[in-house]
Amino acid sequence: MVIEKMLDQFKEQYKICAEKVSIIILSYDLLEYTKACVESIRKTTQENLREIIVVDNGSKDGSVEWLRQQPDIILVENKENMGFPGGCNQGIKASSKGADIFLLNNDTMLPENALFWLRMGLYDRDENGAAGSVSNFAGGQVVVSGAHNVPDMLRFGECTNIPMRYPYENRLFLVGFALLVKRSVLDQVGMLDERFFPGNNEDVDLGLRILKAGYQNVLCKNSFILHFGSKTFNKDPEGYHVTASRNLKKINEKWGFDVDYYLHPRTDLCALITESPDKPMRILDVGCGCGALMGHVRGLFPAARTYGIEFVPQMAQLASHMGEVLCGDVEKMEISWREEYFDYILMGDILEHLMEPEKVLERFRRYLKKDGHIIVSIPNMKHYSVILPLLKWDMFPYSDAGILDRTHVKMYTGVEIQRLVMRSGYEIEVLTGKKMGEPDEQETQLLDGLQDVMGMPSKETFLVSQYLVKAGKKENL
């Protein structure tokens with residue numbers, strides 16, 4: 001009864017969100033999925049508040065013939081595959097003037113109230129430019145696994161798509177499988193970039209453009225949409241991987257940095273923040289990149305204010321939409337915040353890149369409140385992927401990322417990480433490790449032999465790829 005009353009209240013607000021939503025679906029064969037998707041829209045949305053536009057990219061399985069018979073569908077027919085961004089842009093051009101745009105994959109199904117809560121999230125704040133749903137298959141927006149048991153997934157959606165106390169999280173981008181965009185924002189930032197034909201990274205690019213224009217991409221955790229996942233691209237998996245690689249290069253060239261590296265928040269760092277979501281806090285992310293972690297923090301701790309420091313200007317500019325950001329070299333720059341200002345200072349993947357990490361840790365100790373905490377992550381040089389090649393082939397296999405990232409300046413083991421933190425004026429409260437990969441049979445035998453020779457160290461120290469440390473300020477320093 002309480003939920004029903006809340007729904008009635010929200011539905012009154014819903015009426016003023018926008019006059020109509022244009023739901024744009026791309027079709028490329030997969031007729032049965034398209035039918036299920038359209039039927040779910042009909043069941044869960046009001047006809048007078050939406051229009052369904054289907055862009056068919058040259059289907060050969062009878063999809064076009066079926067679509068032509070549907071009186072509530074506006075059909076755009078292509079003789080050849082125009083790709084995802086090109087087809088979506090055709091659908092946008094065919095939509096009603098002023099209508100918000102909902103890009104929806106045809107291998108999806110809408111549970112009850114999915115679009116309702118998505119629209120509520122889009123209009124929760126004036127600065128919101130786009131809203132996206134959680135799903136069972138959508139990269140960093142996954143909240144439950146599975147797609148084979150459709151009734152169970154739809155019931156999960158019905159239980160998820162209800163009023164929630166803290167339903168929103170700001171993201172750098174939203175996965176394009178189900179993406180709702182304000183028409184006014186789309187008119188400002190432009191449609192999907194067709195250089196990403198046939199698809200992949202056009203949703204990332206759009207999200208970054210929306211953010212750069214000063215709007216937010218909002219993940220709505222109380223809007224679940226079932227997604228069967230990559231049905232079109234699975235027709236040609238080898239071609240998909242070639243396209244994905246090519247489009248990744250294109251987006252990096254367009255934005256001037258390794259976009260994929262900075263898209264995803266370090267959720268493991270946030271897991272060490274144990275405060276109540278309602279507690280007002282100031283949280284600083286040193287080396288914040290484009291602000292992915294800052295947005296994640298704001299979703300988990302709505303009462304917190306987020307801050308960042310980033311060396312690369314174009315990334316700092318994007319991150320500035322997630323909080324207050326300073327741009328500069330953390331080892332040399334002036335810090336404008338007053339001392340004892342922050343409740344938490346996060347340093348993920350930063351200390352190993354510095355010439356003098358101990359001095360930086362000592363310096364930032366001044367900016368922590370007396371009961372504040374730092375949370376750091378540092379790669380473990382003792383990981384078996386480093387130690388075994390060194391012992392077997394007398395070499396370090398440097399790479400573009402990972403423990404032996406070419407840009408790393410300092411290297412640490414678990415013991416040295418603890419010494420570094422304690423020398424810098426902190427008391428360790430939590431020390432935990434992340435594992436990466438599994439040694440094969442031969443590697444396991446070598447690790448067993450090393451443990452026998454060395455005696456005391458645990459074999460686990462060879463399996464930890466990265467250590468996470470939570471520490472408080474030492475008193476009387």
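Visitor: Is Lys 369 buried, partly exposed or exposed?
Guide: In this predicted model, the relative accessible area of Lys 369 is 22%. Buried requires a value under 20%, and exposed a value over 50%. Lys 369 therefore counts as partly exposed.

Visitor: Which residue meets the side chain of Lys 369 in a salt bridge?
Guide: A salt bridge requires a side-chain nitrogen of Lys or Arg within 4 Å of a carboxyl oxygen of Asp or Glu. For Lys 369 the N to O distance is 3.2 Å, and the partner is Asp 343.

Visitor: How many residues apart in sequence are the parts that this pair, Lys 369 and Asp 343, ties together?
Guide: Lys 369 belongs to strand S14, residues 368-379. Asp 343 belongs to strand S13, residues 342-348. The pair therefore ties together parts whose separation in sequence is 26 residues.

Visitor: Is Asp 343 buried or exposed?
Guide: Its relative accessible area is 8%. Since buried means under 20%, Asp 343 is buried.

Visitor: How many salt bridges does a search of the whole structure find?
Guide: One of the linked groups is a network of salt bridges with Asp 193, Arg 195, Asp 205, Arg 209 and Lys 254. For the whole structure, the number of salt bridges found is 26.

Notes. Residues are numbered from 1 along each chain as its sequence is written. This is a predicted model: local features need pLDDT of at least 70, side-chain atom pairs count only at pLDDT 80 or more; totals for chains, interfaces and linings use all residues. Side-chain values use heavy atoms; hydrogens and water are left out. Helices (H or I, at least four residues) and strands (E, at least two) are DSSP runs, numbered from the N terminus. Buried means under 20% relative accessible area, exposed over 50%, partly exposed in between (1.4 Å probe, protein chains only).
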